[in-house]
Amino acid sequence: MNVQDVRNITQAPDTHASSPGYMPGWGNDFETEALPDALPQGMNSPQKCAYGLYAEQLSGTAFTDVRPERTWCYRIRPSVKHSGRYRAIDVPYWKSAPHVPENVTSLGQYRWNPVPHTEAPLTWLTGMRTMTTAGDVNTQTGMAAHIYLVTQSMVDSYFYSADSELLVVPQAGRLRFHTELGILDVAPQEIAILPRGLVYRVELLEGPARGFVCENYGQKFELPGRGPIGANCLANPRDFKAPVAAFEDREVPSTLTIKWCGQFHETEIAQSPLDIVAWHGNYAPVKYDLRAYCPVGAILFDHPDPSIFTVLTAPSGQPGVANIDFVLFRERWLVAENTFRPPWYHKNVMSELMGNIHGIYDAKPQGFVPGGMSLHNMMLPHGPDKTAFEGASNANLGPDKLDNTMSFMFETRFPQHLTEFAGKEAPLQDDYISCWADLVKHFDGSKNGT
């Protein structure tokens, strides 16, 4: 992908604007300022910055990476002024790998009903509920999968994760992420990516809000290699949107919470840390509308591997094996001839956690409802239930529009371990394994079976 330079000048630093501005592109070198001429030109660190700002670099990769990801920020205070003595705090439902509770069994096929909304006052931090963990946060490998429940906004409270980037998949309600680099509004059927180390607070625009989070401990998400697919379809770079610069110049007692090596610490500061007036670089939060994803598939026979629906992938260092794949199953046409069209039965070296954003999933027309999740761990068999199998085996194979559906998969090379919340508190469907119980033997020794 060609790297583009994108310049955007926003005159109004009002972070409560009803329509945040965005810049298009994935991995671009962006350039944006909330006050005119706040960005230095031709250099990164002048002796004196305009408006009395401080120059500071935020690095998302090692300096010596093949293509370093970094952003130069021009802020009212350097971020050392947004940090003080830290005290450990308890965020009881947010867990990090390795986390293997002794009294919870992760070996099995699992499915959950939606975690119900609550009237309890829950923010982005207190409303996070970890379902599974995989790998090791200390060695920056693996991931965690969460459900979030948000019923109130963060007020004079800010957060960042030093452990991970967060892939946010809303299912109900709308959130606004006030970040150091600008504002992202995110609704169901959209996603957001919040980079490691980025400070933000979360405002509830419409609630209660519920959704899914993939916490990526490893290498950053990137667009998958397209191979023979070529330059078009799947997720196109232009459909990703980065925010324009917006800042807060607020002198008010605030708290900043940091997630670091799986632990949470809090510090008190005297002002808002969202004080970046201008920035340029390629390390930034983005949002993406999943309805812009253009799926490709079989147009003659056979059902392709689900990896063909990959939106984003986080490499593992082993070619062809992802730390995480984010895969989307949206509405699409099915046209294959003489073909069993739903996903086939299989066991997989990867672990597959799925979530339903809305509608009906074709392999499980019953029980997998919007807001629900399922987990098929590594090398555990799974596939269509009897209703899906019989329906697909006897269907008229004319062109068929798979409509009213949007679900996704967090797939990882590591086994996913259930948390106590997932095993004991979340609404687990105890009878899920029975969805295959009424599959019958058709074999009778004759060519056509029964």
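1. Pro208 lies in strand S14, which covers residues 200–216. The peptide bond between Gly207 and Pro208 is cis, with omega at about 5 degrees.

2. The model under review is predicted: local features need pLDDT of at least 70, side-chain atom pairs count only at pLDDT 80 or more, and totals for chains, interfaces and linings use all residues. Residues are numbered from 1 along each chain as its sequence is written, and side-chain values use heavy atoms, with hydrogens and water left out.

3. A cis peptide bond also leads from Ala97 to Pro98, where omega is near 0 degrees. Pro98 belongs to the loop that runs between strand S6 (87–89) and strand S7 (109–112).

4. Asp90 is likewise placed in the loop between S6 and S7. Asp90 has a relative accessible area of 65% and is therefore exposed; the classes are buried for under 20% relative accessible area, exposed for over 50%, and partly exposed in between (1.4 Å probe, protein chains only). Between Asp90 and Glu266 there are 176 residues of sequence separation, while their C-alpha atoms are 9.9 Å apart in space.

5. Tyr51 has a positive phi of about 65 degrees although it is not a glycine. Tyr51 sits in the loop between strand S3 (29–33) and strand S4 (54–59), and its relative accessibility of 49% makes it partly exposed. For Gln140, phi is positive as well, near 55 degrees. Gln140 is in the loop between strand S8 (128–136) and strand S9 (141–150), and with a relative accessible area of 48% it counts as partly exposed.

6. Strand S11 (residues 165–179) is mostly covered, with 14 of its 15 residues buried. S11 is joined to S14 by 13 bridges, and the two run antiparallel; strands are said to pair if DSSP finds at least two bridges between them. Within this pairing, Arg176 has Glu203 of S14 as its bridge partner.

7. Three bridges connect S11 to strand S13 (residues 190–194), where the partner of Leu166 is Leu194. Five bridges connect S11 to strand S12 (residues 182–186), again antiparallel, and Thr179 faces Gly182 of S12. The link from S11 to S12 is a hairpin of two residues.

8. A separate item is the open sheet of six strands, paired antiparallel in the order S7-S23-S22-S24-S21-S20. S7 and strand S20 (310–315) stand at its edges, each with a single partner strand, so one side of each has no neighbour in the sheet. From one strand to the next, the twist averages 15 degrees; axes are lines fitted to C-alpha atoms (for helices, over the stretch in contact), with angles from 0 to 180 degrees between N-to-C directions.

9. In this sheet, strand S22 (residues 351–359) and strand S23 (residues 373–376) run antiparallel and are joined by four bridges. Leu353 stands opposite Leu375 of S23.

10. Strand S21 (residues 322–334) contains Trp333, which is exposed because its relative accessible area is 55%. Together with Ile299 and Val335, Trp333 forms a nonpolar patch on the surface, and the three have about 350 Å² of accessible area together. Patches consist of residues with over 30% relative accessible area and no salt bridge, with like charges joined within 9 Å and nonpolar side chains (Val, Leu, Ile, Met, Phe, Trp, Tyr) within 5 Å. The excluded salt bridge is a side-chain nitrogen of Lys or Arg within 4 Å of a carboxyl oxygen of Asp or Glu. Areas follow the Shrake-Rupley method with a 1.4 Å probe, and for residues only the protein chains shown count as cover.

11. Gln416 is located in the loop between strand S24 (400–412) and strand S25 (417–418). Its relative accessibility is 1%, and Gln416 therefore counts as buried. The side chain of Gln416 makes a polar contact with the side chain of Thr132 at 2.6 Å. Such a contact is a pair of N or O atoms within 3.5 Å; within protein, one must be able to donate a hydrogen and the other to accept it, and residues adjacent in sequence count only if both atoms are side-chain atoms.
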